[in-house]
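Hi everyone, thanks for coming. Let me put the sequence and the structure on the screen, and then I'll walk you through it.

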Amino acid sequence: MSRGSLRLRLIAGGFVAILIALTIAGAGLTLLFERHVTRTIGDDLDVYLKQLLAGIDVDAQGKLMVGRPPADPRFADPLSGLYWQVSDDDGQVLRSRSLWDTALDLPQDEPSPGELHRHVILGPANARLLVSERRVLLTVSDRRAPVRVAVAGDLARASAAAAQFARDLVLALGLLSLVLAVATSIQVGLGLRPLDALRRGVADVRSGQRKHLPVDVPAEVKPLVEEVNSLIDAQEREIERSRSRAADLAHGLKTPLAALAADVALLRRRGEQDVAQAIESVGDAMSRHVDRELARARARGTARQRGHVSTPLRPLVESLMLTLARTPTAQRLEFRTCITGEPSVPLDRTDLAEVLGNLLENAARHAKSQVRIGADATANPAITVEDDGPGIASAERGRVLERGARLDERGEGTGLGLAIVQDVLSAYRWQLVLTDSELGGLKAIVTPEGSRDRMAAPGQKPGSPAQEGRCGWEQPLR
């Protein structure tokens, strides 16, 4: 996943949210656990306090005494963390042996008789103690005297239990975070699946395999799909209007061009050869431009359905070769073919005929004695047309394939030109590659985009689908 990936952002955001949530949850659970342990300690202190209250008495001299102290042995163990203390207003103080020579520093409050108070104070060795105390009234020397009874427990137990709980909780939350991370990744993948389907749908539309995006998508994506489909329809209508305007323009120019041709013939009959030649050159140039625009407009339209078109190559090549062999230019040439298998090309038949017809006508116009065309159904889809003519210099090959450039600057021939061939092929995402032929002339390779470099390096001869070393060229056709 790239740095700008939406999937990466969602997963990273989910991980961060999980870590924050689990950190807060861990801290909260630890705090709740510590409070629970503290409450448990407080409940135990209440039990000890009741036991202590039940054992308090006054002797004959009016002194306080504890007849039955709480039974927990920690009260007799010095600094054990569990303490009790009984005191009155006269300064009498009774305390558990665990306090040793210290006393509980109880806060100065006045709880009502029978009311339970709890405090957190500092005890022996500065330990934090939770204290439960009650104030009771006892009869001492024929008078009612208030007595404070307190039981304290060290909160270090709660802190130690909370720390142990936190350590165990970290392991559990770590495992939970891994599970949630995997679940987040799966959830993001499932959530983005409609977008992946949308991407494939756009690729299918671009390749011509379908006209619209599939509408069976989640409700959140459906408005986008509908807008894209509407845009496709609008573009289709605009392309159709453009094709119609180009056709109307071309047909509108046909009549003036025909009139010019008639005027040229009239001028020739009158002996005005120079004027006739000049007008004929202009008319031929206009005719080539019209043919070019018609070919490009038609190719853009048919290429939209390129996923549904396919043209068998062998019958088309044989038809073009027979037609071209009858022209005066080709009477002196040999035409050889090597088409292995029965290859089909995903181009409209008319467009493919214009492409191959122009390449064959160009090869025949410049060849000395031989023109060859080859294709192989078992190899990468490609078609080669080559001749034994002078070829094209390496420095000129890039220019003849540029938009607006033509090889036939003098107006010779009736083909569309190599640049126009590339225009037609580009509509189908194919390309024209020029390199040197083993016959000594030019080799033109028609191949899908990306299957090889657009321009072969000087002296480089990329392998053709019909390798001379394994291809039996058919008998020459004259």
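**A walk through the model**

Arg 199 and Asp 196 are three residues apart in helix 2, so about one helical turn separates them. In general, an α-helix has 3.6 residues a turn, so residues three or four places apart point the same way. Arg 199 and Asp 196 form a salt bridge, with 3.0 Å between the closest N and O atoms. By salt bridge I mean a side-chain nitrogen of Lys or Arg within 4 Å of a carboxyl oxygen of Asp or Glu. Arg 199 is partly exposed at 49% relative accessibility, and Asp 196 is partly exposed at 29%. For the cut-offs, buried is under 20% relative accessible area, exposed is over 50%, and partly exposed is in between, with a 1.4 Å probe and protein chains only.

Before going on, a word on what you are looking at. This is a predicted model, where local features need pLDDT of at least 70 and side-chain atom pairs count only at pLDDT 80 or more, while totals for chains, interfaces and linings use all residues. Residues are numbered from 1 along each chain as its sequence is written, and side-chain values use heavy atoms, with hydrogens and water left out.

Now the overall picture. The protein has eight helices and 14 strands; these are DSSP runs numbered from the N terminus, H or I with at least four residues for helices and E with at least two for strands. Of its 478 residues, 40% count as buried. The accessible surface comes to about 26000 Å², and carbon and sulfur atoms hold 56% of that; the areas are Shrake-Rupley values with a 1.4 Å probe, and for residues only the protein chains shown count as cover. Take the contacts between residues at least 6 apart in sequence: 60% of them join residues at least 24 apart. A contact here means heavy atoms within 4.5 Å.

Back to salt bridges. How many salt bridges does the structure hold? There are 10. In one of them, the side chains of Arg 118 and Asp 43 meet at 3.8 Å, N to O. Arg 118 is in strand 5 (residues 116-122) and Asp 43 in helix 1 (residues 6-55), so this pair ties together parts 75 residues apart in sequence. Arg 118 is partly exposed at 37%, and so is Asp 43 at 46%. Asp 46 joins in too: Asp 43, Asp 46 and Arg 118 are linked in a network of salt bridges.

Another pair is Arg 372 with Glu 386, at 3.7 Å, N to O. Arg 372 sits in strand 11 and Glu 386 in strand 12, 14 residues apart, and the pair links distant parts of the chain. Are these two buried or exposed? Arg 372 counts as buried at 9% relative accessibility, and Glu 386 counts as buried at 0%.

Five strands form an open, mixed sheet in the order 9-11-12-14-13; two strands pair if DSSP finds at least two bridges between them. Strand 9 (334-340) and strand 13 (430-436) are at the edges with a single partner strand each, so one side of each has no neighbour in the sheet. On average, neighbouring strands of this sheet are turned by 15 degrees against each other, direction ignored. Strand 13 and strand 14 (residues 442-448) run antiparallel and are joined by seven bridges. Among the partners, Trp 430 is bridged to Pro 448 in strand 14.

Which helices pack on the sheet? Helix 5 (residues 313-325) does, touching strand 9, strand 11 (370-376) and strand 12 (383-387), and its direction makes about 180 degrees with that of strand 9. Helix 8 also packs on the sheet, where it touches strand 13 and strand 14, and its direction makes about 140 degrees with that of strand 13. Axes are lines fitted to C-alpha atoms, for helices over the stretch in contact, and angles run from 0 to 180 degrees between N-to-C directions.

Let's stay with helix 8 to finish. Nine of its 10 residues (418-427) are buried, so helix 8 is largely enclosed by the rest of the structure. Just after helix 8, Arg 429 takes a positive phi of about 60 degrees. Val 355, in helix 6 (residues 349-366), is buried at 1% relative accessible area. Leaving out residues up to four places away in sequence, Val 355 touches Val 421, Val 424, Leu 425 and Val 446.
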